[in-house]
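I opened the model today to look up a few local features. My notes follow the structure.

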Amino acid sequence: MAEAERPIAGLPEPDRRSAGQRAAAAAARDAARAIRARFLDAHADAVYDHLTARRTVDLRLAELVTVAATAYPGLVPTTEQLAAERSRPQAAKEGHEIDQGIFLSRVLASPTAGRHLLDTMLLPTPRALRLLPDFERTGTADLGSVRIERRDDAAHLTMCRTDSLNAEDDRQVEDLETAVDLALLDPAVRVGVLRGGEMTHPRYRGKRVFSAGINLKSLHAGDISLVDFLLRREMGYIHKLVRGVRAEQPAHWRSATVEKPWIAAVDSFAIGGGAQLLLVFDQVIAAADSYLSLPAAQEGIVPGASNFRLGRAAGPRLSRQVILRGRRIRATEPDARLLVDEVVEPSGMDAAVERAVAELRGPAVVPNRHMLNVAEEPPEEFRRYLAEFALQQALRLYSDDVIGKVGRFTEGKQTEGEHPS
């Protein structure tokens with residue numbers, strides 16, 4: 001594999017190459033990646049068993065690719081290669097993360113290795129375990145881009161990237177997973193609520209905003225990673241919203257995870273990743289002046305697991321209109337009722353959230369939402385989707401059209417997320 005990529009070593013940086021040099025580099029990379037793919041097609045289970053001591057060691061995504069780089073030189077990029085890449089804008093990168101996508105796609109495609117990796121990603125983060133005693137005692141935690149507060153028996157998670165309209169990046173994924181873990185692990189919490197805070201951004205100053213989606217400024221700068229953002233997001237906190245968190249329980253035989261119902265409160269808009277989130281919530285409340293959109297196809301990427309979930313929720317026609325054509329759905333449209341449970345005037349959002357919390361407190365809610373999720377999103381189907389997503393999203397991340405669009409976007413008027421016009 002390393003031999004196949006040797007011709008790249010003597011070339012200039014990717015953004016300084018001639019057309020001929022770019023073609024030579026692409027041919028060398030393709031040859032090496034074909035070798036990696038064939039190797040993993042035959043040996044993915046054996047590789048994973050070796051890295052995890054026959055699945056007795058739980059390695060999260062970032063740990064898994066780091067250990068693999070040492071144990072199997074040339075299979076995935078080294079820590080040093082990724083550090084060098086991280087310092088460059090997206091257009092100047094070699095695209096080593098695609099090799100991580102190949103590796104993780106083959107691991108996830110295996111019923112044995114893939115299932116173990118998904119189960120591992122349901123474990124609480126070490127950060128959440130450190131913060132849990134204080135959160136149980138005080139009922140509050142300020143994680144940076146997310147605040148969590150326990151009010152009675154409800155955990156209120158507030159996204160507070162006030163300058164960027166809650167556009168997500170690696171940092172916010174880390175903070176959201178920690179907050180979700182805390183809400184699930186705290187025995188005093190029965191219901192979780194996710195809402196955006198008030199913004200300082202000049203166009204929405206003083207208004208609540210749910211989410212502007214992926215932070216395109218960070219993407220252009222090379223600060224959005226495949227493993228720590230695009231894959232961790234799906235397999236970490238969003239996965240936990242659906243399946244719960246793995247925790248030591250006296251009656252572990254009853255369930256391997258702690259699950260709770262979740263409410264999303266949408267103010268202003270839920271764009272891109274924000275709209276993706278709504279598909280896993282048990283109840284969605286939207287302000288009458290808000291809207292939803294999934295502009296990922298226009299941005300050139302895949303909108304997470306929305307291609308897996310949206311058709312089940314809204315049907316194939318609407319899902320294609322939203323994902324392929326970028327249709328924006330306003331909360332007051334009839335079609336919005338396929339994605340939103342209740343639409344209220346902005347002034348009535350607080351009261352609507354309190355009503356929803358009261359409705360989801362019932363003791364039979366958790367077992368019934370568990371069975372609904374088993375039926376609507378079978379774990380094995382989710383695993384197979386992620387196996388393909390890991391590769392396709394890695395390829396899109398380094399495609400010429402995405403790099404060009406993100407560059408034009410960040411050089412223009414808009415600088416964070418997919419801001420509305």
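I call a residue buried under 20% relative accessible area, exposed over 50% and partly exposed in between (1.4 Å probe, protein chains only). This is a predicted model: local features need pLDDT of at least 70, side-chain atom pairs count only at pLDDT 80 or more, and totals for chains, interfaces and linings use all residues. Residues are numbered from 1 along each chain as its sequence is written, and side-chain values use heavy atoms, with hydrogens and water left out.

**Entry 1: His96**

I looked up His96 and found it in the loop between helix H3 (79-86) and helix H4 (97-109). Helices (H or I, at least four residues) and strands (E, at least two) are DSSP runs, numbered from the N terminus. His96 counts as buried because its relative accessibility is 16%. Leaving out residues up to four places away in sequence, His96 touches Pro77, Gln81 and Glu85 (contact means heavy atoms within 4.5 Å).

**Entry 2: H4 and H17**

Next I checked H4 against helix H17 (residues 379-397): their axes come within 8 Å and cross at roughly 170°. Axes are lines fitted to C-alpha atoms, for helices over the stretch in contact, and angles run from 0 to 180 degrees between N-to-C directions. H4 is therefore roughly antiparallel to H17 (angles over 145 degrees count as such). The contact includes Ile98 and Leu104 of H4 and Leu386 and Ala390 of H17.

**Entry 3: a sheet**

I then found three strands forming an open sheet in the order E8-E10-E11, with mixed pairing. Two strands pair if DSSP finds at least two bridges between them. The edge strands are E8 (269-271) and E11 (329-330). Strand E10 (residues 291-293) runs antiparallel to E11, joined by two bridges. Tyr291 stands opposite Arg330 in E11.

Definitions and conventions. Angles under 35 degrees count as roughly parallel, over 145 as roughly antiparallel, 65 to 115 as roughly perpendicular and the rest as oblique.
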